[in-house]
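Hello,

Here is the structure I promised to pass on to you. Please have a look at it first, and then read my notes below.

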Amino acid sequence: GDPGALIVVFPHWGRNYAPAGGRARRTARLLHEAGADLVAGHGAHMMQACRSGRGGTTLFSLGNLVFNSPGRYDRYGAPPFSLVSRLGLGRAGVRPAVDLRLYPIVSDNRLTGYRPRPASAAEMDRVVAALEGWDGEGGRFRRRFVPASDARGFHLRLSGPLGARLADAGGG
């Protein structure tokens, strides 16, 4: 592969208002094996698990940004949050260097009156708790996605590279 390429895949997948299932996990693994550095899924109408390791980084579902429907978070017991991703790109030699940040928003239109808004500090705690609960990898989530804040608001910052291929670039 091209060491200067950054390969990002945006699959539309998953069951609505449900955690990521086995099919998405298997597909993400296959996408990483095929060379994807970042898999940023969407389609489930809610945020889902976020994973990062040697094989690459997967955001199973970012959720909704603007969605002109009341939503069904309550009906399915889903957390009322989504993630807005920010991928800063640079270079470290010939390889891409990245800075991935995930900004939680409240996306349940019944709570926001159809005006998604950034998560508060207390809501950020709920976001982190939900994402940790879906981890399934012995606490790797907390080691790889670090809560922080900047001028844009509270976010989770990927600590380290997207995967082993970019590790030499110091990306992350």
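**What turned up**

Helix α1 gives the largest share of the lining of the largest pocket, with 5 residues. Please keep in mind as you read that this is a predicted model.

Let me stay with that pocket for a moment. Its volume is about 250 Å³, and 15 residues line it. Those that lie nearest the centre of the pocket are Arg29, His32, Gly56, Thr58 and Glu137. Besides α1 (22-33), the elements that give two or more residues to the lining are β3 and β4 (56-59). Sorted by class, the lining of this pocket holds 7 charged, 6 polar and 2 nonpolar residues.

- Histidine 45 is not a glycine, yet it has a positive phi of about 70°. You will find histidine 45 in the loop that runs between β2 (38-40) and β3 (50-53). Is histidine 45 buried or exposed? Histidine 45 has a relative accessible area of 15%, and because buried means under 20%, histidine 45 counts as buried.
- Tyrosine 114, again not a glycine, has a positive phi of about 65°. The place to look for tyrosine 114 is the loop between α3 (109-112) and β7 (117-118). With a relative accessible area of 44%, tyrosine 114 is partly exposed.

Best wishes

Terms used:
Residues numbered from 1 in each chain as written. Predicted model: local features only at pLDDT ≥ 70, side-chain atom pairs only at ≥ 80, totals over all residues. Heavy atoms only, no water. Helix = DSSP H or I, 4+ residues; strand = E, 2+ residues; numbered from the N terminus. Buried < 20%, exposed > 50% of the residue type's maximum accessible area, 1.4 Å probe, protein only. 1 Å grid on protein atoms, 1.4 Å probe; cavity = no way out; pocket = protein on both sides within 12 Å on 5 of 7 lines; lining within 4 Å. Points joined across faces, edges and corners; volume = space filled by probe spheres on them. Nonpolar A, V, L, I, M, F, W, Y, C, P; charged D, E, K, R; others polar.
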